[in-house]
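The structure comes up next, and the notes follow it.

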Amino acid sequence: MFNRKEFIKATALGLLPLNVLKAKSGPVQTGKKPVVVSTWKTGVRANEAAWQILDKGGYALDAVEAGVKVEEANPKNNTVGYGGRPDRDGNVTLDACVMDENGECGSVAFLQDIKHPVSVARKVMTDTPHAMLVGEGARQFALSQGFEKENLLTPAAEKEWKKWLETSEYKLEVNIENHDTIGMLALDKNGRLCGACTTSGAAYKMHGRVGDSPIIGAGLFIDPKFGGAVATGAGEEVIKTAGCHLVVEMMRAGHSPEEACKIAIQRIIERDSSNKKDIQVGYIALNKDGVYGGYSIVKGFDVSVCNADGNRAEPTSHQI
Ligand code: SD4
């Protein structure tokens with residue numbers, strides 16, 4: 001057995017065997033493989049596309065890309081991709097990233113005119129020596145890779161934006177129509193764990209604002225040996241606490257996915273406890289055994305999960 005000092009050192013170095021780590025959080029939970037989890041109830045529809053790939057023995061990265069693309073293309077989802085709410089100047093600017101089973105990653109931020117930023121993020125990972133491209137450089141790269149230039153501002157989003165201009169008050173909304181950024185994690189039959197996150201970001205943000213979603217360690221993180229996490233909600237809060245990296249580190253230290261998400265939510269509240277009831281952040285996490293969980297600041301956040309038991313949305317525990 002380890003004494004306390006050795007335990008802390010071994011934990012910090014990631015050297016403890018999984019069974020020792022799990023003992024810290026009580027009984028070992030079992031999960032199912034393959035499995036896909038995603039943020040909010042809207043994730044159920046996206047999970048369907050991911051499941052078609054996972055069920056046939058396909059690759060988790062293909063599954064998460066196909067899954068979140070469903071919402072990127074959905075004009076009714078005004079927080080992701082086409083149909084997303086614009087910034088205060090009327091520009092739709094998108095953020096997205098992917099991370100694979102080896103801890104490789106790709107990301108785009110402040111990207112305009114391209115409907116599927118997640119696919120551009122994957123190309124950044126596979127076809128460049130970089131991890132992140134932003135703005136005009138990301139757009140030029142996407143066009144060079146054959147992505148088409150499209151107008152992403154739908155008439156409905158434009159109408160809403162013009163109405164917003166009457167007051168021009170910037171305020172984050174909690175549980176906006178019960179959906180938001182889509183983040184997705186999948187564990188395939190071969191045990192490969194991959195993730196994706198994509199968003200149009202905070203509605204009516206300043207031009208050039210980038211949220212947590214394309215930032216590896218904030219909006220998404222995967223530790224190939226332990227598990228992954230994705231975030232949704234007030235991106236600035238997630239960035240300030242390196243949210244998803246914290247969730248995954250907590251799983252590495254032996255906490256269950258739900259406990260790990262709860263610790264990261266509590267870190268946000270601990271950092272600044274003023275007005276947290278007006279701010280929503282939700283985390284979901286999936287470990288290498290197929291055990292998943294989620295936690296949010298405010299009631300109303302769901303984890304959508306699809307495995308051999310079916311495809312459904314489950315409410316997460318919450319702080320408030
Ligand atoms: C972001 N987490 O950009 C994303 C989504 C969002 O209000 O803005 N939601 O911060």
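The side chain of R209 has an N or O atom 2.7 Å from an oxygen atom of the ligand, a polar contact here being a pair of N or O atoms within 3.5 Å. On its own the ligand exposes 280 Å², and the protein buries 94% of that (Shrake-Rupley areas, 1.4 Å probe).

Keep in mind that this is a predicted model, where local features need pLDDT of at least 70, side-chain atom pairs count only at pLDDT 80 or more, and totals for chains, interfaces and linings use all residues. Residues are numbered from 1 along each chain as its sequence is written, and side-chain values use heavy atoms, with hydrogens and water left out.

## The shell

Which residues are around the ligand? They are D180, T181, T199, G201, A202, R209, G211, D212, S213, G233 and G235, going by a heavy atom within 4 Å. By class, that shell has one nonpolar, seven polar and three charged residues, with Gly counted as polar and Asp, Glu, Lys and Arg as charged.

G211 is found in the loop between β6 (193-199) and β7 (220-223), strands being DSSP E runs of at least two residues.

## What the record says

An unreviewed UniProt entry puts a "binding site" at R209, V210, G211, D212, T232, G233, A234 and G235; such annotations may be inferred rather than shown by experiment.

Technical notes: Polar contact = N/O pair within 3.5 Å; in protein donor to acceptor, adjacent residues only side chain to side chain. Helix = DSSP H or I, 4+ residues; strand = E, 2+ residues; numbered from the N terminus.
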